[in-house]
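Biologist: I would like a close look at a single part of this model. Please take it step by step and keep it plain.

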Amino acid sequence: PDVIVHNMPGVASMVAANYMYGVAKPDGLTLGSIQPALYFDQLVGRKEVQFDWQKFTWIGNTTRSHHLLYMRSDTPYKTIEDIRKASVPPKCGAEGTASSAYYLPKLLEETIGAKFNVVTGYNSGTDVDLAVERGEVQCRAFTIAAFFAREPFHTWRKKGFVHVIVQTGQRRDTKLPKVPTLAELMDQHATGDAARRLAAVILAANEIGRPIVAPPGMPADRVKMLREAFANTVVDAALLEDAKKKRLELDPVSGEELETLAKEIVAQPVQVIERMKKLLGT
């Protein structure tokens, strides 16, 4: 079938998620790719949220997405310890509070005491990268996969324009063997149980990865058909070869797994939600 792509920028894909949930027909003909951390905004009760995260029809995701935070190399912030000790925190750019560009710096504040000044309101990650080039901001958090898949990051790495400060994931990515993980830093700084529980809820977005969703209330036969089509696609030889050429890593998760995870995420105790409200500034 022909596919028509309709970009819906705005508030880290909040506009797109609201459209998928409340406007698009549940007929299997409209699919959405949304930010994996939009459930933050639902948990803390933001008025812009017009969806129930657990009720989306989850089709699957192409990859789990661990994240990193890069920093301009001409700044005094060479390591996370430099940021912890700095009298003036670095400025990081972000689209909205559901993007890792926002929540990863804030999580570093909550868990290990590294302060950041996060500037929100950019329309896209590309706009944040341009702001870094212009010197408006100095850092950005986003996926490891994207950092190693495309420009301007190939050129930036060759020129040493930026360096990576921290990464998520339980183990260091093989492409970033010298960069500490958040888990390592929390162990190093003896982070308490409450902050670790908060980190677990926040970083569940990594498992959601790059999800494909459909509106709620879709007939079961169409859900089954789309999930099976997705499962067949992510093992297709031609797709895998194309992904390899584009330096994209596939680590797919099924729609059934995402549905279970979405329900678990939304069922959070009051204590965790209150800490999330503090982290997100609500």
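Biologist: How many disulfides does the structure hold, and what can be said about the part around them?

Modeller: This is a predicted model, and the structure holds one disulfide. A disulfide is a covalent bond between the sulfur atoms of two cysteines. Here the partners are Cys92 and Cys139, with an S to S distance of 1.9 Å. That value lies within the 2.5 Å cut-off for a disulfide. The angle about the S-S bond is -105°, and the link of Cys92 and Cys139 is left-handed. Cys92 belongs to strand β4, residues 91-93, while Cys139 belongs to strand β6, residues 139-143, so the pair ties together parts that are 47 residues apart in sequence.

Next comes the exposure of each partner. Cys92 has 0% relative accessibility and therefore counts as buried, because buried means under 20%. Cys139 also counts as buried, at 0% relative accessibility.

A separate feature is the second largest pocket, which holds about 610 Å³ of space. Its lining is made up of 28 residues, and those nearest the centre of the pocket are His66, Thr168, Gly169, Gln170 and Glu207. By class, the lining of this pocket divides into ten nonpolar, nine polar and nine charged residues. Helices α6 (144-147), α8 (182-188) and α9 (193-208) each supply at least two residues of that lining. The largest share, seven residues, comes from α9.

Conventions
Residues are numbered from 1 along each chain as its sequence is written. This is a predicted model: local features need pLDDT of at least 70, side-chain atom pairs count only at pLDDT 80 or more; totals for chains, interfaces and linings use all residues. Side-chain values use heavy atoms; hydrogens and water are left out. On a 1 Å grid over the protein atoms alone, a cavity is a set of points where a 1.4 Å probe fits but cannot get out, and a pocket is an open set with protein on both sides within 12 Å along at least five of seven lines; lining residues have an atom within 4 Å of a point. Grid points are joined across faces, edges and corners, and a volume is the space filled by probe spheres set on the points. Helices (H or I, at least four residues) and strands (E, at least two) are DSSP runs, numbered from the N terminus. Ala, Val, Leu, Ile, Met, Phe, Trp, Tyr, Cys and Pro count as nonpolar, Asp, Glu, Lys and Arg as charged, and the others, Gly among them, as polar. Buried means under 20% relative accessible area, exposed over 50%, partly exposed in between (1.4 Å probe, protein chains only).
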